[in-house]
Amino acid sequence: MAQKIVTIYTDDLTGEESSEVATHSLAVDGIAYEVDLAPDSYDKLLEAIGPFLKAGRRTGRMKTGAGARKSGSASGSGETAKIRAWAKENGYEVNERGRVSAEIREAYQNANK
């Protein structure tokens, strides 16, 4: 007997399936949250909290669980390809495949407002 395991990544905000869903971590008042978002929903999150992030202070990175899923497959995405090309042109180190970091996505968004 053969088994086939299918992993379906779903955007927590929209409920839509996407191969580009990534897990994002945030904390408010000492409580850490994780939310799985496709790039469009992540852009909405950054737009909503952007003014607060700009006014706030960075205190370091949050720790994530060892088994936390970080992202789905991002291959074939036009937006991800644009971000990779932009990152390379602007001196960021970015792999040809795999997840594009949140820092690079945020920098791309800020540069292309």
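The dialogue below takes up cores, a salt bridge, aromatic pairs and a surface patch in turn.

Tutor: This is a predicted model, in which local features need pLDDT of at least 70 and side-chain atom pairs count only at pLDDT 80 or more, while totals for chains, interfaces and linings use all residues. Residues are numbered from 1 along each chain as its sequence is written, and side-chain values use heavy atoms, with hydrogens and water left out.

Student: Which residues form the largest nonpolar core?

Tutor: In soluble globular proteins, nonpolar side chains tend to be buried together. A nonpolar core is a set of buried Ala, Val, Leu, Ile, Met, Phe, Trp, Tyr and Cys residues joined through side-chain atoms within 4.5 Å; buried means under 20% relative accessible area, exposed over 50%, and partly exposed in between (1.4 Å probe, protein chains only). Here the largest has eight residues: Ile83, Trp86, Ala87, Val94, Val100, Ile104, Ala107 and Tyr108. Two or more of these residues come from each of α2 (78-89) and α3 (102-111); helices (H or I, at least four residues) and strands (E, at least two) are DSSP runs, numbered from the N terminus. Another core, of five residues, lies apart from it and includes Val35, Leu37, Tyr42 and Leu46.

Student: How many salt bridges are found in the whole structure?

Tutor: Side chains of opposite charge can pair when their charged atoms come close. The criterion is a side-chain nitrogen of Lys or Arg within 4 Å of a carboxyl oxygen of Asp or Glu. The search finds one salt bridge, in which the side chains of Lys88 and Glu96 meet at 2.3 Å, N to O. Glu96 is exposed at 57% relative accessibility, whereas Lys88 is partly exposed at 39%.

Student: At what distance and angle do the rings of Trp86 and Tyr108 lie?

Tutor: A pair of aromatic rings is described by the distance of the centres and the angle of the planes. Rings of Phe, Tyr and Trp (its six-membered ring) pair if their centres lie within 6.5 Å; planes under 30 degrees apart count as stacked, over 60 as edge-to-face and the rest as tilted. The count comes to two aromatic pairs. The centres of Trp86 and Tyr108 are 5.7 Å apart and their planes stand at 80 degrees, so this pair is edge-to-face. It links helix α2 to helix α3, its members being 22 residues apart. Trp86 is buried at 15% relative accessibility, as is Tyr108 at 14%. Ring pairs join Trp86, Tyr92 and Tyr108 into a cluster.
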